Structures are given as C-alpha cells and as structure tokens.
Amino acid sequence: MLIKIRDYLKQQKVCSLADLSVKFNTTPEAMRGMLSHWLRKGQLSCEQPGCFVACKKGCVSCDPAELEIYRWQGKAQQIPVFNLA
C-alpha cells in the first residue's frame with residue numbers, strides 16, 4: 001500500500017490527510033502511520049496552516065484532517081560514493 005500512496009502523491013503533488021484517508025479507505029490515524037514512512041525518508045513534507053493552531057484552541061468548524069496537508073518532495077536518494085583505490 002505504501003507504493004500506491006507514493007504513486008498517488010507523486011501524481012497529485014499535494015493532498016490533505018482527509019483526502020488520502022478517503023482515497024485509500026482508511027482512518028486518518030492509520031494514514032498518518034503510513035505517511036510517516038515517506039516523511040522519514042525525506043520525500044514527503046507535512047504542512048499545517050496557521051489556522052490549524054487556532055483550531056486546536058476550540059474552533060470546531062474545520063476538520064483537522066482537512067488542514068493537515070502533505071506535499072510530495074520527491075528527493076532523490078543519495079547513493080554514497082566509495083573510493084575503491
């Protein structure tokens with residue numbers, strides 16, 4: 001499933017957590033766990049607008065999963081070069 005998520009993010013470039021959860025028929029919590037793989041590899045970034053912080057203070061008009069945005073970075077993995085001489 002990680003490969004399907006990667007391919008979808010590469011195609012879409014930017015997706016909310018809610019969109020990804022619906023697309024892959026999973027809970028936001030489970031999706032966060034899967035996205036953490038690509039976050040650790042540096043190929044994905046998570047962006048939360050300033051209003052996300054305000055919403056945590058009591059605003060209930062927005063779904064927090066809609067405000068949690070993931071952007072595909074697509075950084076190439078660096079392969080170490082060894083001197084064999």
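Contacts (heavy atoms within 4.5 Å) between residues at least 6 apart in sequence join residues at least 24 apart in 61% of cases in the protein chain. This is a predicted model, so to speak only of what is modelled: local features need pLDDT of at least 70, side-chain atom pairs count only at pLDDT 80 or more, and totals for chains, interfaces and linings use all residues. Residues are numbered from 1 along each chain as its sequence is written, and side-chain values use heavy atoms, with hydrogens and water left out.

Going from the N terminus, the elements read α-β-α-α-β-α-α-β, which comes to five helices and three strands; helices (H or I, at least four residues) and strands (E, at least two) are DSSP runs, numbered from the N terminus. The strands make an open antiparallel sheet in the order β1-β3-β2, where pairing takes at least two DSSP bridges between two strands. β1 (14–16) and β2 (44–47) sit at the edges with a single partner strand each, so one side of each has no neighbour in the sheet. On average, neighbouring strands are turned by 25 degrees against each other, direction ignored.

β1 pairs with β3 (residues 69–72) over three bridges, and serine 16 stands opposite isoleucine 69 in β3. As for the helices, α1 (residues 2–12) lies across β1, β2 and β3, at about 115 degrees to β1. α3 packs on the sheet too, touching β2 and β3, with its direction at about 125 degrees to that of β2; axes are lines fitted to C-alpha atoms, for helices over the stretch in contact, and angles run from 0 to 180 degrees between N-to-C directions.
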